[in-house]
Amino acid sequence: MNVSELLAGLHARQGEATARAAELRSQIEHLTAALAESEARLTDLATTRKIITEVAPAGAEPDPPEVNTAYQDIVNAFNQHPDQVFRVRELHELLGMPTDEASVNIARSRLGRLTRQGFLTQPGRGRYQKRT
């Protein structure tokens with residue numbers, strides 16, 4: 001075997017190794033993105049579970065489903081818009097909830113509880129945003 005044949009063989013194997021490395025990098029990128037998405041979903045579910053658990057006093061019957069659903073809807077809205085700052089009425093409009101004063105005050109109370117629990121922050125008076 002002469003030197004040019006040896007170099008051609010090495011060049012071919014280098015090309016194969018380069019292609020395999022690119023394929024593995026692509027798989028790693030895909031798996032890293034899938035893992036990040038799964039971890040974010042787990043975090044959202046754990047937060048929702050914590051909120052629902054803390055809302056119901058120990059040993060008490062859980063709140064009616066519509067109350068838990070309201071908290072879940074609020075948490076989901078903030079998870080879907082993590083960088084957006086909401087006023088209570090804006091959040092109600094987004095969720096299709098009534099905007100009468102009594103409903104808004106109940107939501108204000110819920111948002112206050114979510115803020116105290118560390119899920120939300122208040123970047124300004126009457127404004128709420130998901131804690132990052």
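A: Here is a quick tour by topic.

A: This is a predicted model, where local features need pLDDT of at least 70, side-chain atom pairs count only at pLDDT 80 or more, and totals for chains, interfaces and linings use all residues. Residues are numbered from 1 along each chain as its sequence is written, and side-chain values use heavy atoms, with hydrogens and water left out.

Q: What does the secondary structure of the protein come to?

A: Four helices and three strands. Their order from the N terminus is α-α-β-α-α-β-β. Helices (H or I, at least four residues) and strands (E, at least two) are DSSP runs, numbered from the N terminus.

Q: How much of the protein is buried?

A: Buried residues are 25% of the 132. Buried means under 20% relative accessible area, exposed over 50%, partly exposed in between (1.4 Å probe, protein chains only).

Q: Switching topic. Is Val75 buried or exposed?

A: Val75 counts as buried because its relative accessibility is 1%. Val75 belongs to helix 2.

Q: And which residues does Val75 touch?

A: Thr48, Ile51, Leu114 and Phe119, leaving out residues up to four places away in sequence. Contact means heavy atoms within 4.5 Å.

Q: How far apart are Val75 and Ile51?

A: They are 24 residues apart in sequence and 9.0 Å apart in space, C-alpha to C-alpha.

Q: Now rings. How many aromatic pairs does a search of the whole structure find?

A: One. The ring centres of Phe78 and Phe86 are 5.3 Å apart and the planes are at 85°, so the pair is edge-to-face. Rings of Phe, Tyr and Trp (its six-membered ring) pair if their centres lie within 6.5 Å; planes under 30 degrees apart count as stacked, over 60 as edge-to-face and the rest as tilted.

Q: Are Phe78 and Phe86 buried or exposed?

A: Both are buried.

Q: What sits over the ring of Tyr71?

A: The charged end of Arg110, 5.5 Å from the ring centre. The cut-offs for that: CZ of Arg (or NZ of Lys) within 6 Å of the ring centre and within 35 degrees of the ring normal.

Q: Last one. Which residues are in the lining of the largest pocket, by class?

A: One nonpolar, five polar and two charged. Asp, Glu, Lys and Arg count as charged, Ala, Val, Leu, Ile, Met, Phe, Trp, Tyr, Cys and Pro as nonpolar, and the others, Gly among them, as polar.
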